Amino acid sequence: MAAGVRDLARNSVKEKLARGEVVASMTARLVTGVEIVRIAKTAGFDSLYIDLEHSSFSMQTTSQICIMALEAGLPAFVRVPANTPEYISRVLDGGALGVIAPGVRSAAEAKAVVAAAKYPPIGERGHSAGLPHLGFRAFPATETMPALNDATMVIVQFESKAALDAMEEIVAVPGVDLVLIGTNDLTADLGIPGQYDHPKVRDAYERTIAACRNRGKHVGVGGLSSRQDLVAQFVKMGARYVSTGTDLAFLLAACTERAKQVRDLAV
């Protein structure tokens with residue numbers, strides 16, 4: 001039996017979050033080949049987070065990785081360099097199953113991201129046939145648009161005091177699925193750069209988790225790869241999406257450890 005639109009347009013991360021499970025994500029910022037998808041899959045990650053904000057990846061590279069991720073059953077989310085339709089619609093058409101919008105500070109900005117990421121009647125995304133999510137096959141728009149709306153995640157990042165101040169309004173925006181706290185940029189904006197143990201950081205997570213829980217939304221932990229103790233605390237509090245670190249950081253850490261092992265050998 002041929003697969004239907006709903007069978008093809010599935011987002012396993014969204015399904016895991018709906019079940020209350022914790023999702024582990026790996027960020028791609030260095031490796032431009034599709035091999036990064038298989039590495040992430042073999043390592044046991046649930047999703048791949050492609051960072052266009054802090055990398056030189058092209059749209060073509062991003063699409064190739066996203067398409068490979070679809071084949072591997074590993075949803076790829078793309079952090080765009082600007083929260084504009086020109087980026088959001090292109091990365092989604094290219095194979096991403098979600099968009100990560102950095103630096104969102106208001107409900108109006110969150111609504112604009114949703115409008116660019118979702119088809120009518122939820123948003124204003126333009127319809128394109130033969131998307132990689134559907135095996136490049138054409139289906140009636142009446143089937144594809146609602147199915148892809150359901151499968152596509154909108155993730156907004158809290159990275160400023162302004163975002164925390166507008167928290168309730170942002171979380172209430174229909175179509176926003178998850179708030180990913182960018183802890184590094186947040187501490188900088190709060191005037192406590194790198195002070196992850198500061199009470200303001202815990203307060204930000206506590207209030208964001210409470211606001212999202214009340215609205216049936218989810219919370220993600222970002223920028224804390226060096227502090228697994230804090231990640232564990234925030235997951236226990238209710239965060240469910242964990243951005244574990246970048247391909248660059250993992251490669252450098254492994255290389256550094258191996259070089260040290262040789263230096264430490266007894267002569």
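This note goes through the barrel, a helix pair, the pockets and the cavity of a predicted model.

1. Basis. The model is predicted: local features need pLDDT of at least 70, side-chain atom pairs count only at pLDDT 80 or more, and totals for chains, interfaces and linings use all residues. Residues are numbered from 1 along each chain as its sequence is written, and side-chain values use heavy atoms, with hydrogens and water left out.

2. Eight strands form a closed barrel in the order 1-2-3-4-5-6-7-8, with parallel pairing. Strands (E, at least two residues) and helices (H or I, at least four residues) are DSSP runs, numbered from the N terminus. Two strands pair if DSSP finds at least two bridges between them. The twist from one strand to the next averages 25°. Angles run from 0 to 180 degrees between N-to-C directions, and axes are lines fitted to C-alpha atoms, for helices over the stretch in contact.

3. Strands 7 and 8. Strand 7 (residues 218-222) and strand 8 (residues 241-246) run parallel and are joined by two bridges. G220 has Y241 of strand 8 as its bridge partner. Helix 11 (residues 199-215) packs on the sheet and touches strand 5 (153-158), strand 6 (178-182) and strand 7. Its direction makes about 155° with that of strand 7. Contact means heavy atoms within 4.5 Å.

4. Helices 3 and 4. Helix 3 (residues 35-43) packs against helix 4 (residues 59-72) at about 35°, with axes 8 Å apart. Helix 3 brings I36, V37, R38 and K41 to the contact; helix 4 brings I65, M68, A69 and A72.

5. Largest pocket. Its volume is about 360 Å³. A pocket is an open set of points on a 1 Å grid over the protein atoms alone, where a 1.4 Å probe fits, with protein on both sides within 12 Å along at least five of seven lines; lining residues have an atom within 4 Å of a point. Volume is the space filled by probe spheres set on the points, which are joined across faces, edges and corners. Of 22 lining residues, R29, R79, N184, G222 and G223 are the closest to the centre. Strand 8 gives the most, four residues.

6. Second largest pocket. This one holds about 270 Å³. Among its 18 lining residues, L8, R10, L70, G73 and H133 lie nearest the centre. Helix 4 supplies the largest share, three residues.

7. Cavity. There is one cavity of 30 Å³ or more; in a cavity the probe fits but cannot get out.
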